[in-house]
Structures are given as structure tokens and as C-alpha cells.
Amino acid sequence: MVETTIGLDSFRNSEDNNEKEENNDSQPKKKEIKANELAKKQREISIAEFFEKNRHLLGFDNKRKALLTTIKEAVDNSLDACDESSILPELEIVITDMGNDRYRVSVEDNGPGIVKTQIPKIFAKLLYGSKFHSLKQNRGQQGIGISASVMYSQLTTGRAAKIISKIDPTVKAHYYELKIDTQKNKPEIIQDEEKDWSKDHGTRIELDLEGTYQKGPQSVDEYLKQTAIINPHVTIIYVNPKGEQIIFPRATDKLPFQPAEIKPHPYGVELGILIKMLNWTQTVTIKKFLTTEFSRVGGKTADEILEKAYIPPNTKPNKVSREMAEKIIEAIRNTKIMSPPSDCISPIGAELLEKGLKKEVNAEFYTSVSRPPEVYRGNPFIIEAALAYGGTLKADGGVNILRFANKVPLLYQQGSCAMTESISKTSWRSYGLSQSGNNIPQGPCMILIHIASVWVPFTSEAKEAIAHYPEIIKEIKLALQELGRNLYKYVAKKRNVHEELKKRSYIEKYIPSIAEALKELIKYSDVEEKNVVELLEEMLEKHRGQIDNMDFDESKNEEYDEEFAKIGREEEEPNDDEYKEVKDE
Amino acid sequence: MSEVIEKITAEAQKIYDNIKKKKRPVLESPIRALSNVKYNVEDGFFELKGSKKSRTLTASSVKTFAQTLKMMALSKEIVEKNDIATKREAYYVSKNWGDARFKEQPESDTVMDDIEAMLSVNREKLGFIPEEKGGDIAGKLIIIDKNPDTGKEIRIDCTKFGSGAYSIPSSVEELKFETEAKFILAIETAGMFQRLVKHNYWKNANCILVSMGGVPTRACRRFIRKLSDEMNIPVLVFTDGDFYGYFNIYRTLKVGSGNAAHINEYFCVPKAKFIGITPQDIIEYKLPTHPMKEVDIKRGKDALKNDPFVHHHKQWQKAIKQQIEMKARAEQQALAKWGLNFVIDNYLPEKMKKRDTWLP
């Protein structure tokens, strides 16, 4: 794990160096040219190898997952692009079975399109992207995703990726066939032409790759369904390899709140990044550097930091040594700095979250919560959660968990996710679910958790599980506790009604025995016995008011979509113990 | 009409009248617990202090209400027919009651105890008898019973059971006695009773031996009470030297229990005295002991704190404290350390002479 991070970092650094050279910056490290060359050489031999060795970290561990990851990366990119341009997304996804475990995947969006010169870099250069350097709530983060898919496609089928993109109705579309030069991590352009495309704007990518299509809980079908749940403003038209067309129509025309891009917060900055930023910056003094490159650092705060670090405010950033940088980091830790702004986060909202859940399961009770923004390591984040209980949900087995990060469903690695840990470490027994020790609670329950952040900390580049930051776990637990309290209210009410009904049935049951016993004891007539029964019934029942009907009414949930709910549930995958399947019947 | 039937009918009538008046009927009975008794020193038994629990007819009490009334009706029927039913039989009769039937016998036993307390008559008078054996008798006593068929008197000589014994019946009210014994010796364990019978201890000591077999049954307590009252002979109690022997056995026999406080008046033996094994005996006879467990010690501390009988008797308080300090208990059989018949040849004769070693 550590090795990999170092590996990726070295890519980044080399890449940064490349760009710097292109930019003709004034600070080339001429003395280190030999070392630089060495580093380059290392990278050049290892890029394909690196991918081969680390494909599990990128989500290509097996053929089934490779297909899902490819779809996922393309969809993430399309949705990010649409959201940034305030376009209501409409995606068309087609997977065609070409035999011999080969599939052709095409993902088409109505997004803003991509400028011609950028297309090769975005799709055929690893670690290129707009997202890595910015702190903004995005689906994609690293700039690995789609180019990794292109690489995988190329490695397994030898075919080029076909991309067409159009940025405006008035211009023609650009069509590229691209491969990745695995020696140099550079795009290799196979074909480049202008084409007519009926779309006003948008992008379409087509890849051939080795994969396995299977329905079930970790399928493409399930992934797209969950994407639709968590992105109610998206329309997806999907044709699976069996030729079945599934349409997920948008549930709302309202565009989600457009999150702002923020500068990093000082609390989240580590030494390496700080040094890199110091090299990069256009600012001329260290004080200016602190106030412009970071959020929530004003003149006063910058002075305080620099004073604590014993560094004069007018020091040039590129003259800051490693030791000085270390002092700055320490000074930052000892300075009180305001939390980062939270307008950089776009939550889904408790209401829409609940609506999505209602579509998926027909339960008796729903509740949802959206927590206020919180911060981990200088990164603001928001936790949202929803819970469904009872109805058609199965009462035995662990509760079902739906996990989302920045509006992307997480289907794998449930066991090692901070969300799962938070669920296990919440005490559900006091909320009416059974639970043994620190395990996942049992009961007819589905829990949905969403984390939105400018930087979601995943346990790996495959972005399958959330890392275990105490601040995040604490927030998730607080959200779960709120859901739990609401759940308990419902469960307690249901139990009371049940008790009340039992008591009422007691009245019916035992009054005749009282009248009968009294008849044996004081010998009255049969007519009088009936009379006593009536008197007793009147006496006991008149105090008992109306009670709510708590029986499950299948037709009550109008949001519920049976066809929708079925998706991803048809075929159980016996080898996968990570995900417990829900079946309605 | 017998007194019991009158009481049952009156209670039923009261309930019926309330129903007619559209008032919720109430069942009332004394709380049966040690906290609700006081030690009546004059008459020598635990009597009720007067706290009562009343159960008003509500949706949640309707089941118990129905079962209580059905049980009262059953009692009335049994008494009218001059029959009896064991507690277990009563439980089975309830199986005819439809929804009001009992699921397990403890439920019916509780209802029975509540009726007993409510009407303050003992269970036997309601026609219900326990399953348990009453206890064994051997020694210088003639019991006059009746032949169940003919009603003719039968004289039972308790000296003539050889190595066996006479068994106390569940109802002892009709029995009569003839004896010239000097005292009654009530013994905790059947084993010790066997030894004393085998060696004709009763002959030499001129006494009546009673085997209680643990906590004495009501019949056993009533038998000893009746015998000692009518024949005017003292009662001595011989148990293990532990808190179970002192309180669960001896104190229950002498003054009654908290749970059955409503009937203690008839089921106690106020003149009983405790001869052993006392904590002091353990020391003086150098008896082999077992360490006391936490629960045993707790029983002693509870007695010091909550038992009105212990509160009244300083000697008992001293004995309990002494034993808690020793943290040890000794069984009756521990006397065998000094020889199997040490108890007959030495211990009992010595204890008989030294009245000051007894506990009240």
C-alpha cells in the first residue's frame, strides 16, 4: 500500500516536472539532471507494468469488476462534466456481448464536450486531469479512472478507444481513435478527424475489453440503479448485453447545488505537499503564499504562523528549505484557524435521499438525516443517511447497507469501509434492532449512507471503501443515532399498538370466563350471565380509545417501483460473501 | 354451609354487585413477603402488618381475574362434595376452562396462594392439598386416625415401625394423640433421623422423633404444633449449623414465613427451641467445617437486616455474627468425626442437660 502511494506520487512529481519544463519556469533543477533522467527512465519502464501489478487497486481485479469499473469511470466523468456545466445529464450506455468474454462498452453523454487538444490527454494519459489539483466535490478525484480503462481495454483486446466529442452545435465533432504509449505514458493517436454528429454537444467513448457480465448485487445493473437513486436529476438509458433496455428516468428537474472550488485548508496539508506548493507558487513572499494558496488564512493568521515558525514574512517561497517547511507545518498545527467554508459541498438532501430509498424498497417506515458540515484534516465533508424499516424487507440476516461517496455508489469492500464500521459500532439494540457485540445489526432494515466532501478519503485508488478517519466515523455515528432514535419511536409505537391489541383480545377472551365463574359461584341465570358479559365489556372497553393501524400496507408507498427494485437482485452470486442480497418475495 | 364456602360466596357476591353497579371489581389480598410481617412476641409467630395489594379489573388483569374466579368456583365445588384435589390435579382441571386455563402449574399455584391469602383460610380448607410428603414420625406416640371407609378409629403406634416410620398425612386436623414422651425432636435430615431410629434413641430419651427433610411442609408444621399443644410437650430442633438450617428451617417452623404469613398463626410452633448445631457447638466440638459461600454469608446478613425474628432475639444476632466471622458451616453429620454414635451417646445427652447452649 505504502509502496503504491509512493509510486503514484513519483508519477505526479515527474508529471509536474514535465509541465514545469513546458511552462519554461525559471527554476529548473539543472544540477539534478542525471537523477531526473533516472527517475524518468524508471517511470517509462514501469507505467504498463505498474498498471498490470496494481490493477486490483484501480478496480480491475477480475473480469466482472473490470466491466463495472469501466462503466463507472465513464459515468463518473460524464456526470461531473454535466454538473459543472449545469446541464441535466442524460446518459446512454450500451454493453454489447462480442463473444469470447469480450464486450463493447459505449457511454454517451449530453455534457459540454471536450476541447480537441485535451481529448488525447484526458483519455490516453494516466494521471492527467483537472481534478487532482483542485479541492472540489467531484465524483472523480485522481485523474486515473478513464485512462486506466483505456489502458485495460488496450491490454486485453489490443483495440484503440474511440472517442467523439462536440462542444457546440455550430462546430463539427472531433473523432479520435486513441491508444496509450505505455512506455512514455503519452497518448498515441491512431486516427483524428472531424465528423458530423447529430448531438448539440456531448461526448461518447467506446471501448472493447475483456470482461464478464453477470447480474446480481455487484453488477453494472445494480451500479446504475444506485447511481439513479443517489442522482435523482439524472436520466440513464441502458442496454445490457442481453439486449434488455432499462430506462432510469430523472426524478427531479432541479439541478444539484453547484459546489464551489476551494483552496486547501492548512490543517490538511502535509510536508510533501507544502514543499511542492512552495515550488509551484506564483506568489513572491511566504506571507502572500499562505494567504492566497490556502483557505481561511488572512494576514493576521499568516503572521501568527510565520512568527511561530521564526520565518520572516517576506521570505521568498522558493527559498524556504525543508526544515523551514517543517516548522511551518508545526506552526500551523499550533495555530487556531477557522474551519473551511462549507459551500464547497453539495449534499443530496434528506428528502431526496428518502425518496430514492422509497423507490428501492417497499418498507413500512422511512427516516433520513443530513448532518451539518464537519471537517477532517482540513477537508470539509457532510454525512447524510437514510433508513428503511419493515415491510417487505427480510427480518433475518444483517441489515442491508447502501454506501455512496460524492454521489457514486460503492459496491465493493463493504467490510473494510468506515461506514460499515460506524454501523457496527452504533448500539442498535436500544433502537429496536438486534445486534450481537460490535457486529452489523440484524433486522428488516436498509441503511443508506452518503459522504460528500471536497476530498473523499478512500482506502485505495479503486475508491471502494472510505478510510477510517475518527472525525468521519463520529459524524456517521451521529447520523445513525439520529436515524436510530426515529426508528425507535416507530418500533416502540408499533410495539405499544401490538400490546394494546393483545390486551383488547384479552378482554374478548377472558370476560366470558369471569361471567361463567360468577355463575358457578352465585348461581344466576343464563340471561344474567350474558348481562354480566355485556357489562364487563362496556366497562373495560370504554376507556380504550382508537388505535392507529400499524399493519403494513403495500400500496402506501407510492414511490416504490417494483421493476426498479428488482434490478440487480435477479442473480445471486454464490462466491461473493461481501454483499448480502435482498429479495422481496 | 361451611365457613370457607361462605367466604368464597361473599367475595363472589361483592364482585357481582360491583359489576351490576358498573364499578370495576377489585380483588384484594395481603402482600406475602417478609417486609409485610411483624413478630408477634406474645403469641410467637409472624403476623401480617397489613399492606395489601389490590387488583382492579382492567384489560391487563382480566386474565388473572378470570382464573382466580374459576379457581374459587373449583374450590367451592370440591368442598361441597367433601373431596380434595392436589395442586397438580387442580392445574389439570383448569384445562377445561377454555382460554382461562393455566399453561404451567406454577401459575395455578400462585392463584391458589392468592385466594388463600385473600380469604385468609389455609389451602387445605379450600380442598387443595400439596403433593409433597409431610415428614416422618417415630417414637413414643400413638396417633388416632380414622378408617376412610368405615370411619372407625385406628390406633397407630409409632414405636412399631421398626426401622421405618409413620408418614404425616397432608391433612392433620382430624388426628388425635396419646403420648407420654418428654419432648419432640425435629430433625433436619433424613439421614440423622435414620441413625436415631436405628439405635432406638427415642426409647432411651423418651421422645418423639420427627424427620422434616429440609424445610418443614405445612402439614409437618401443623402436626408438630398440634401435637405439642394438645399433649403439652416441648419441641427441640436439630439442624445443620448453617443459615439455611437456622432460618429456612428452624425459623419457619417456629414463627412461620413471610410468603405464607396469612396462615402462620396455625402453622407455627412458637415453643420450639433450637438445640443445635449452634456456631458455638462448631467451636466446642471442634467440628469439621465447610467454607461459607458468598450467598451463604449474604443470607446471614439479610437475616440481620430484615428478619423481624432475628431483630427480636439478641442471642440469634450474636450467633449470626459469630458464624459470619467464622466463615464456616458444619453439617449434623459432622459429629461422626468423633464416632458414628457420638451424636447419640454424647452430643444429644450433653445438649439436653445444658439448656443454656440452646438458642431461642
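I looked up the pairing of S7(A) with strand S8 (residues 245-248) of chain A: four bridges join the two, and they run antiparallel. Strands here are DSSP runs (E, at least two residues) and helices are runs of H or I of at least four residues, both numbered from the N terminus; two strands pair if DSSP finds at least two bridges between them. This is a predicted model, in which local features need pLDDT of at least 70 and side-chain atom pairs count only at pLDDT 80 or more, while totals for chains, interfaces and linings use all residues. Side-chain values use heavy atoms, without hydrogens and water.

I noted that Tyr238(A) has Ile246(A) in S8(A) as its bridge partner. The hairpin of S7(A) and S8(A) has five residues between the strands, and there Gly243(A) takes a positive phi near 80°.

On another side of the pairing list, I found strand S1 (residues 90-97) of chain A joined to S7(A) by five bridges, running parallel. Val94(A) stands opposite Val239(A) in S7(A).

I checked the cover of S7(A), residues 235-239: four of its five residues are buried (under 20% relative accessible area; exposed is over 50%, partly exposed in between, 1.4 Å probe, protein chains only).

I then turned to Lys271(B), in the loop between helix H8 (243-255) and strand S15 (272-276) of chain B. Lys271(B) is partly exposed, at 29% relative accessible area. Beyond four places in sequence, its contacts (heavy atoms within 4.5 Å) include Ser228(B), Asn232(B) and Pro234(B). I read 2.9 Å between a polar atom of the Lys271(B) side chain and the backbone oxygen of Ser228(B).

Notes
Residues numbered from 1 in each chain as written. Chains lettered and ligands numbered in written order. Polar contact = N/O pair within 3.5 Å; in protein donor to acceptor, adjacent residues only side chain to side chain.
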